[in-house]
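Below are some short notes for a colleague who has not seen this structure before. Please read them with the model open.

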Amino acid sequence: MDGIHQRLAEQLYEKNERLTIDEARTWVELLWEDFEATRAKAGHEYQGKQVTEQIVTQWINHYGPNLHEFIATNPKFKELLKRKGYLH
């Protein structure tokens with residue numbers, strides 16, 4: 001899984017020049033965990049890491065250039081990034 005997260009982080013890093021590679025990696029991990037948790041809470045059967053990778057890839061392609069702006073409107077992600085030391 002570590003290889004998948006790293007590859008996705010590199011994709012996000014290429015799309016968003018405002019993120020460091022470490023921040024991109026954190027975003028990938030947060031998006032991955034959030035997607036899987038949301039699906040589980042909704043009662044969906046686990047479809048495997050391939051499905052999660054596809055969704056996170058789609059989000060990176062669609063939202064990646066502006067993902068850093070998302071923290072202003074989502075307190076959940078803002079707090080998680082703050083705990084990781086990326087926000088002051």
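1. In H1, Asp2, Ile4, His5, Gln6, Leu8, Ala9, Glu10, Leu12 and Tyr13 meet Ile21, Ala24, Arg25, Trp27, Val28, Glu29 and Trp32 of H2, contact being heavy atoms within 4.5 Å. By class, the residues of this contact are 10 nonpolar, 2 polar and 4 charged; Ala, Val, Leu, Ile, Met, Phe, Trp, Tyr, Cys and Pro count as nonpolar, Asp, Glu, Lys and Arg as charged, and the others as polar.

2. The model is predicted: local features need pLDDT of at least 70 and side-chain atom pairs 80 or more, while totals for chains, interfaces and linings use all residues. Residues are numbered from 1 along each chain, and side-chain values use heavy atoms, without hydrogens and water.

3. Helix H1 covers residues 2–15 and helix H2 residues 21–41; the two pack at about 120 degrees with axes 8 Å apart. They are therefore oblique to each other (under 35 degrees is roughly parallel, over 145 roughly antiparallel, 65 to 115 roughly perpendicular, the rest oblique). Their crossing is right-handed.

4. How far apart are the end C-alpha atoms of H2? They are 30 Å apart, which agrees with the 30 Å that 21 residues should span at 1.5 Å a residue. After H2 comes Gly43, with a positive phi near 85 degrees.

5. Buried residues of H2 include Trp27, Leu30, Leu31, Trp32 and Phe35 (buried means under 20% relative accessible area, exposed over 50%, partly exposed in between, with a 1.4 Å probe and protein chains only).

6. Thr52 belongs to helix H3, residues 49–63. Its relative accessibility is 2%, so Thr52 counts as buried. Beyond neighbours within four places in sequence, Thr52 is in contact with Trp32, Phe35 and Glu36.

Note on methods:
Axes fitted to C-alpha atoms, helices over the stretch in contact; angles between N-to-C directions. Helix = DSSP H or I, 4+ residues; strand = E, 2+ residues; numbered from the N terminus. Left-handed = near helix turned anticlockwise from the far one by under 90°. Expected span 1.5 Å × (residues − 1).
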